[in-house]
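Hello,

Here is the structure we spoke about. Please look it over; my notes on it follow below.

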Amino acid sequence: MENPEVLWAQSRERLFLTIRIIDLKEQNIEILENSIKFIGRNEQNEFNLNLKFYKTINPDDSNWSVKANRVEFNLRKDGSFFWSKLLEEKYNNLRIDWSRWQDEDDSDDEVNQNRSAMLDNFGEFTKTLPSELMDKDFSELFNEDLND
């Protein structure tokens, strides 16, 4: 079984998930209140994911669609607030989808467009960095609290 890359972003009301799988041939997808169950295959691999959410969603107001190189989920949160994390347990191939991410204070369309363009450029920049660098905790390099 392969472990595909999962991208996520959120707004106050919704979660946006993308499972990156090229040329998905078969899939069985179940959206539940506290998880997504995904079983699928392409020519090379089989996939079996059970992503258990940190909080609950509304499955009846959520949907998914299969694209050529991904499966996209648009999930309605059970409540209108930002989650501090997506899943209960660690998932090694989970990444933030910076192109879709919204902060709690995002409200002005022009600001959002500028931020989106900047984050798109940042996404391209991070592709040039080694993965070990992207996963490293740099807090040990600073002598003081970064929030001050």
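**Notes on the model**

The protein chain exposes about 10100 Å², and carbon and sulfur atoms supply 42% of that area (accessible areas come from the Shrake-Rupley method with a 1.4 Å probe; for residues, only the protein chains shown count as cover). This is a predicted model, in which local features need pLDDT of at least 70 and side-chain atom pairs count only at pLDDT 80 or more, while totals for chains, interfaces and linings use all residues. Residues are numbered from 1 along each chain as its sequence is written, and side-chain values use heavy atoms, with hydrogens and water left out.

Of the 148 residues in the protein chain, 28% count as buried (under 20% relative accessible area; exposed is over 50%, partly exposed in between, with a 1.4 Å probe and protein chains only). The chain has two helices and eight strands, in the sequence pattern β-β-β-β-β-β-β-β-α-α (DSSP runs numbered from the N terminus: helices are H or I, at least four residues; strands are E, at least two).

Three strands make up an open antiparallel sheet, ordered β3-β4-β5 (strands pair if DSSP finds at least two bridges between them). Its edge strands, β3 (26-31) and β5 (46-52), each pair on one side only. Six bridges join β3 to β4 (residues 35-41), and Ile 29 stands opposite Phe 38 in β4.

Arg 20 lies in strand β2 (residues 14-20). Arg 20 is partly exposed, at 46% relative accessible area. Leaving out residues up to four places away in sequence, Arg 20 touches Pro 4, Glu 5, Leu 7, Asn 69 and Arg 70 (contact means heavy atoms within 4.5 Å).

Regards
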